[in-house]
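Dear colleague,

I am handing over the structure we spoke about, with notes on what turned up when I went through it. Please read them with the coordinates open beside you.

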Amino acid sequence: MEPEESGFCDAFDEEDVLEAAGGCGTEVGWCHCPVEVACALPTSNDECCYEVLFSLCCPGRPFVVDGHARVPTTVPREDWTATIQPDCRALDQSTRTALAAAWATEAGFEAASVASFSRFVLQLLSLGAPAALVADAQQALAEEVQHARVLYGLAGAYGGTRLGPGPLSIDGALELSSTPADIAVALAAEGCIGETVSAFQLQLAAARAKDPTLRAALTAMAEEEVRHAELAWRTLAWLLPQGDEELRTRVCEVFRNAVDHVPGGAPEADHLAPDVLHDHGRFAPVELRALASRALATLVAPAADALLRSFTTTADRPGTAGFSSRCSPLSSWA
């Protein structure tokens, strides 16, 4: 089925999408973000249909080297495990094992984010960035360490084994081109798009988590991830006026193809029922994609358009025509 190119569906909101997506038996049918977002349409036999057009990568701020996101292995260890104990007594062993594996994978993504922010601090210094940006990047780095510890703690709580990251290869990580244009492109893709989408998804996952301990931990993480996303936008806003036409053109291209930089999630628990996933702070894949579409439409595209408005023509910008007028500011997602 071809998606209807009718702009952003007026009836589209998180609850509508999650309700529809939760009932989908297939993942076929919808959306060209951020330039176009089509309504989800029923098929001829009244089954809902969502075509997944997302190229999935690691959640949060990935540690990308030579075009590939690197993550550490997961190994038994004590020092990376925060003490957190959600109530999982009602779960059978296979469900607990799946959730433990999913949280361990997510923890690895967060551990890799520590490396990504470490490199970002060096990049800021290479650009002569304001002290406030460097300090905030260092703070984000420290928060990513704690995020990884919390998620490894969750993996241990569900699985019964204390875990942590193994060695993470940094070969070639500092040999990448560090021109302002290259840094801006990575910042737009990994920070402005990846972190914005991930933080949005995490806020909603935290709100749906049933266990108060889990909900509090994820809510605290989400608040910090929002600040990390805002840091990316602030840094790009500082960098754009200093850049040349090449820098701005390449940044526009990143936002025009924002869907290529949408983060995915850990697949280990994807087979579990949506209500089980929701209770334990997770979403099914089709739900994550629906929420990513929402974040691209109402957060990333308007913010990118506003940021680039002073430096580019309307034809050059990714554009927000057809998007919902109900665009939430970054500071009020909940």
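What percentage of the 334 residues of the protein chain count as buried? The figure is 53%, where buried means under 20% relative accessible area, exposed means over 50% and partly exposed lies in between, with a 1.4 Å probe and protein chains only. Please keep in mind that this is a predicted model, in which local features need pLDDT of at least 70 and side-chain atom pairs count only at pLDDT 80 or more, while totals for chains, interfaces and linings use all residues. Residues are numbered from 1 along each chain as its sequence is written, and side-chain values use heavy atoms, with hydrogens and water left out.

The overall layout

The protein chain has 8 helices and 4 strands, taken as DSSP runs (helices H or I, at least four residues; strands E, at least two) and numbered from the N terminus. Along the sequence these elements follow the pattern α-β-β-β-α-α-β-α-α-α-α-α. Of the contacts between residues at least 6 apart in sequence, 84% join residues at least 24 apart, a contact being heavy atoms within 4.5 Å.

Two helix pairs that share H4

Helix H2 (residues 93-127) packs on helix H4 (residues 180-208) at an angle of about 140°, with the axes 11 Å apart; the axes are lines fitted to C-alpha atoms, for helices over the stretch in contact, and angles run from 0 to 180 degrees between N-to-C directions. That angle makes H2 oblique to H4, since angles under 35 degrees count as roughly parallel, over 145 as roughly antiparallel, 65 to 115 as roughly perpendicular and the rest as oblique. Residues of H2 including Phe-117, Phe-120 and Leu-127 meet residues of H4 including Ile-183 and Leu-187.

The axes of H4 and H8 come within 9 Å and cross at roughly 120°, and H4 and H8 are therefore oblique to each other. On the H4 side the contact includes Ile-193, Val-197, Phe-200 and Leu-204, and on the H8 side it includes Leu-288, Leu-291, Leu-299 and Val-300. By class, this contact of H4 with H8 has 12 nonpolar, 2 polar and 1 charged residues, with Ala, Val, Leu, Ile, Met, Phe, Trp, Tyr, Cys and Pro counted as nonpolar, Asp, Glu, Lys and Arg as charged, and the others, Gly among them, as polar.

The nonpolar cores

The largest nonpolar core has 47 residues, of which Leu-236, Val-251 and Phe-255 touch the most other members; such a core is a set of buried Ala, Val, Leu, Ile, Met, Phe, Trp, Tyr and Cys residues joined through side-chain atoms within 4.5 Å. H4 gives the largest share of this core, 13 residues. Val-251 touches Ala-184, Val-185, Ala-188, Leu-236 and Leu-308, not counting residues up to four places away in sequence. Another core, of 34 residues, lies apart from it, and Ala-100, Ala-148, Leu-151 and Ala-269 are among its members.

Two loop residues

Asp-66 lies in the loop between strand S1 (64-65) and strand S2 (68-69), and is exposed, with a relative accessible area of 61%. Its phi is near 55°, a positive value in a residue other than glycine, whereas most residues other than glycine have a negative phi.

Thr-73 lies in the loop between S2 and strand S3 (74-76) and is partly exposed, with a relative accessible area of 47%. Not counting residues up to four places away in sequence, Thr-73 touches Gly-164, Pro-165, Gly-166 and Pro-167. Thr-73 and Leu-168 are 95 residues apart in sequence, yet 7.4 Å apart in space, C-alpha to C-alpha.

With best wishes
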